[in-house]
Amino acid sequence: MQGRTIAARLTRGAGSYYRKSLILLLVVASIPGIITSVLVYAMAGGNLEKELLQQHVGQIEQRARTMDAQLANLEMMLSHWAFDTRFDYSLQDHDFVRDFIRTRDLTSTLLVMQGSNAMIGSVSLYLQGEQPILFDPEYSSLQDERVIGLYDSLLANGNKTTYWTQLAFDPAKPQQRELAFVHPIPGSSLKPFGALVARLDREQVAEALLALAPYDDGDNFLVGADGSLFVSAHGHAADSPFIAGLRARISTDDGGTGSFLLDWDGRTYAVTSGQFGRIMDPWMYVSASPITTITAPVVFVSRIILGVSVSALLLGLLLAWLASGRIYSPIKRLMGSLIPHGGQGEAREDEFTLIERHWRDLSRESRELNARLTEQLPYVKESFLHQLLQGYLYAYSEEDLLSRLERYKWDVRNRQFIVLYVQLSGIASLEGKFKQGDEGLVTFASVNIIDETAARYFEQYNAINFHDLGSGLLLILPEGGSFAAKIRSFCEELMQSVNRLLHLNVTVAISRSMMRASDVPRAFEAVKQAASFRNFDDANQVIDMEQSDWEGSPAPTYPFALERELLQALRAGQAADAKTLLGEFQQSLSVAGAKAIDVHQGMLQLLGSVQHAILASGIQPSRLYKGANLYEQLSQIKEPEHACEWFSAKVFEPYLREMETRSNGQTRRLIEQAVLFLQRNYMRDISLDHCADHIGTNPFFLSKSFKQVTGVNFIDYLTGLRVDKAKELLRESELKIQDIAEQVGYQHSYFNRIFKKLEGMTPTRYRMMSRPE
């Protein structure tokens, strides 16, 4: 009943009770606002200044950390590019005018780097040499000695490998100094021949500094370790009175960091200073803002609140008497808008419902993102370990590395580190279970076995997949203990599991224990090198660098005779004989106790000899093999059977096809007879006419065809044949020099001259150098 009475009063326009109640309500509601306004106004002149200063300093420090993270990202990006293969030693003395494709690729790469960070104004690549070259980003050949001297000074900056500097890169404008980040190339090289230079956009840096405290008065600026002014957000010079006064005041504080109030020219400034931990040299940032600029909005708002509150009270009193009957009309219309049809049916969604719905959506997205982060964390950890093992994080300090490891949930304080390198072998002898090209699949399976086995032995570990039959394992163990027996047991179980499940043999190289995370990259390189010294025969092996002499046994003797026969078979186009001799050559290298690295080096030496023979036959290897890097391809092959197949398919067959197109079958058979005659009678007095009579042709045709088929002329081939036989006798017999000369068809005095001309040393000297001590 009472509710209906009140509703009726509101509908009719209300009586005196409603008016009095409304006036009292307005007065009571206005009193807290008036009191609050008075208190805010009073605080603005007292404690509010200190409170706002603290908030202002916190905001500046937070924004400074954001700017520091941007600069750190720039440093990390340029360091990663410096280790990219596009900036390796192949750039040194490279002909960029002829190789315009690589010139264009370098220019595109520099443009990509330039656009990867908003602060970068330009990225340049400088290359030393007889003719210095600058990509900025377009290719140009430097002629101005002043510009050359400026860029050379970047590479002669003491022990600084990666550093910031401020230079005038245009000699004609020495006053326009630019802030630049310099990284020599190749990365981590002790003798760099070039440098990547990222010059910052002064306007972008000034805009970033202005974000620290975006006020028109005051200033924000950066100062280098040597005290030089880098950038001022408001364009002030280093010798301006305001900048000089700020720096003098900051220099009196210990460490040059903190916040304080400074009275200058009748105004009070809130000054905050701190440091950026840049590579090699720390920077200092300084932000100075007028305190009145910070507090003025609050004072102005408090005055407005006070005035509005008083005005609202007066206006409410007036309206309560004059328009109480019409106040309810807007409320009724508002309720009609919120609840249509007079309240019948479902009400519309209000602001609180909207906020609740959005909060639920954001909570769901947050849970989904957290789940994704949890899924991706193992991949992020593995990527970080890849960078650590490969030495890409060399610029990080020990404390930085430990902090990063702790961020990935590792306990690394008071711990020792041990690196294991696991190498699989025997994939070529599995009779079809795995084939060449399945190395990534096999390595993935082995890494899963390593993870499962390591979980039973160690608390902290992480396996790394290198996708080439090789994998790594980083162990983080308690400090001070000996874990040799435990690691040995782990290796034995791992080898048994891989033998049983994958039917492959395992070589495990174990590093020495380390107390520093920064020593991990060197230990990884050491265990990889130790694994290459495994025995060549397929068997499980454990190489412990703390105990075993993994560089022990002597290298096998290089089979020169088989190499010579192999090259002769290639020159004669005898593909089947060449393939057979290749297998015998590898078997000769793979004697009992031979190391894998020795066999591999022998095969690389054979590749060099084959390429030399191809070049001597008048064929350019680079054109024959279409620019392919055969040495790199051979270095990636781990299995001996695959190496022989690769030689036959990638080296022999293209050469034999080329030779087949250069001469017809009849001429080749004729030259083969001549070569066979020379190989059997080289010790006699043989002439071109004598050989032509023997095979039934004329000397002119024989000379021309011999050069066309073999790539060398008749006399040079005979001389090389005799000298090769003499070298074999010098290495493997005790005959006198005079007797050896007679056996290969030379007089003693002439033999000495021709041998020294071809080999660069006398026969006696060659004999001494070719025999082991």
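The tour below visits a helix, a strand with its partners, and finally some cysteines.

Before selecting, note that this is a predicted model, in which local features need pLDDT of at least 70, side-chain atom pairs count only at pLDDT 80 or more, and totals for chains, interfaces and linings use all residues. Residues are numbered from 1 along each chain as its sequence is written, and side-chain values use heavy atoms, with hydrogens and water left out.

**Stop one: helix 6.** Select residues 202–210; helices (H or I, at least four residues) and strands (E, at least two) are DSSP runs, numbered from the N terminus. Colour Val205, Ala206, Ala208 and Leu209, which are buried (under 20% relative accessible area; exposed is over 50% and partly exposed in between, with a 1.4 Å probe and protein chains only).

**Stop two: strand 11.** Now pick residues 283–290, where eight of eight residues are buried. Trp283, Tyr285, Ser287 and Ser289 cover one side, with Met284, Val286, Ala288 and Pro290 on the other.

Strand 7 (residues 219–223) pairs antiparallel with strand 11 over five bridges, and Asn220 stands opposite Ser287. Strand 10 (residues 267–276) is also antiparallel to strand 11, over eight bridges; there Tyr269 stands opposite Pro290.

**Last stop: cysteines.** Select Cys491, which counts as buried because its relative accessibility is 0%. Cys691 is buried too, at 0%. How many disulfides (cysteine sulfur pairs within 2.5 Å) does the count come to? The count is zero.

Methods
Disulfide = S-S within 2.5 Å. Pairing = 2+ DSSP bridges.
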